Amino acid sequence: MGKQRVLSGVQPTGNLHLGNYLGAIRNWVEIQDRFENYFCVVDLHAITVPHDAKALAENSYAIAALYLACGIDLEHSNIFIQSHISAHAELTWLLNCITPINWLQGMIQFKEKAVKQGQNVGTGLLDYPVLMAADILLYDADKVPVGEDQKQHIELTRDLAIRMNDQFGKKKKPVLKMPEPMIRKDGARVMSLTDGTKKMSKSDPSELSRIELLDSPETIAKKIKKCKTDPARGLEFDNPERPECHNLLTLYSILSGQRKETVATECAEIGWGQFKPLLTETAVEALRPIQEKYAEVMDDRSYLESVLRQGRESAEAIASATLDRVKTAMGFSTPV
Ligand code: TYM
């Protein structure tokens with residue numbers, strides 16, 4: 001039996017932060033040799049909020065370079081840009097036509113982002129989860145490694161697969177494969193540095209709220225120095241009264257590669273003045289190899305282009321076969 005297939009993606013909106021890395025990309029790297037992997041840069045998703053046309057293409061390349069810098073290995077994985085494969089947009093349309101609108105109106109991320117945008121909410125923002133479902137279903141993905149915040153979108157993807165199969169599949173021959181989320185416990189929800197009850201997010205107006213993968217050591221030091229803490233002495237996990245403390249210790253544990261118990265013992269007696277330099281040094285050292293590799297990849301445009309070309313070719317073959325299958329099941333005529 002062949003390997004199971006994995007698909008996941010990140011939007012090229014702004015720089016990636018520790019949440020994106022620990023919640024998603026780090027896990028892709030860790031599991032990649034057990035699966036056949038497709039990692040896309042989801043640029044069609046990036047335009048569901050107002051975007052800068054001058055920066056979009058370059059941001060997409062930068063994210064692809066970061067995938068490589070974080071350790072995505074082309075022996076096991078393919079990297080491609082979503083908009084280079086038109087089947088994503090086309091399957092979205094087909095799925096739109098079987099998606100009840102109230103399924104989309106109830107999505108948590110839509111409601112959050114719509115509130116942030118105020119009056120001028122585009123249809124694309126409402127449709128975001130259907131495009132994401134198309135990304136996943138096009139590749140017959142078995143597993144979708146993501147952070148906790150994407151769970152609801154994957155549930156919708158599964159509901160859409162069921163609906164398509166019920167309406168257009170044959171009993172023994174479903175049209176679409178049922179994917180499963182893959183959400184790791186540690187790092188699945190990295191919180192903001194300025195408020196331990198809020199998710200670390202690219203769209204937070206304060207840059208101090210997140211550590212970006214390409215932040216310089218000085219910037220990392222500054223952000224950790226200014227991050228929110230509490231007056232208690234001695235650091236601990238899992239105290240609901242101390243969300244910042246839990247978040248920062250979790251970051252330290254994952255980035256230093258130490259078990260939670262070890263960190264809990266190490267930090268039980270220390271204060272913030274001692275802990276902050278420790279976390280700074282750990283974060284700087286964890287990000288250093290990623291930043292070095294990123295600079296190397298960004299320096300070799302033709303290499304990056306060849307990676308994306310190859311990724312597109314492999315992805316396109318699978319995507320177009322699935323799209324044909326769906327169109328046939330839905331009763332479209334074949335082109336003559
Ligand atoms: P994006 O770019 O918003 O997030 C990319 C990945 O980062 C994870 N993530 C986090 N994990 C832990 N803590 C955080 N604070 C945090 N913030 C973000 C997200 O869960 C995600 O895994 N909709 C997707 C992009 C997408 C996609 C797909 C993913 C489009 N099509 C198909 C998987 C499969 C998203 O959230 O992008």
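A crossover counts as right-handed if, with the strands pointing away from the viewer, the path from the first strand over the helix to the second runs clockwise. I kept that in mind while looking through this predicted model.

**Entry: the β-α-β unit**

I looked up β1, helix α1 and β2. Helix α1 covers residues 18–31, and the three elements make a right-handed β-α-β unit.

**Entry: partners of β2**

I checked how β2 sits beside its neighbours. Strand β1 (residues 5–10) pairs with β2 in the parallel sense, and I found six bridges. For one position I noted the residue across the way: Ser 8 stands opposite Phe 39 in β2.

Next I turned to strand β3, which spans residues 77–81. β2 and β3 also pair in the parallel sense, over five bridges. Here Tyr 38 has Asn 78 in β3 as its bridge partner.

**Entry: burial of β2**

Why is strand β2 largely enclosed by the rest of the structure? I went through residues 36–41 and noted that five of the six are buried, so the strand is largely enclosed. Buried here means under 20% relative accessible area.

**Entry: the second largest pocket**

Last, I sorted the lining of the second largest pocket by residue type. I wrote down eight nonpolar, six polar and six charged residues.

Key: Residues numbered from 1 in each chain as written. Predicted model: local features only at pLDDT ≥ 70, side-chain atom pairs only at ≥ 80, totals over all residues. Heavy atoms only, no water. Nonpolar A, V, L, I, M, F, W, Y, C, P; charged D, E, K, R; others polar. Buried < 20%, exposed > 50% of the residue type's maximum accessible area, 1.4 Å probe, protein only. Helix = DSSP H or I, 4+ residues; strand = E, 2+ residues; numbered from the N terminus. Pairing = 2+ DSSP bridges.
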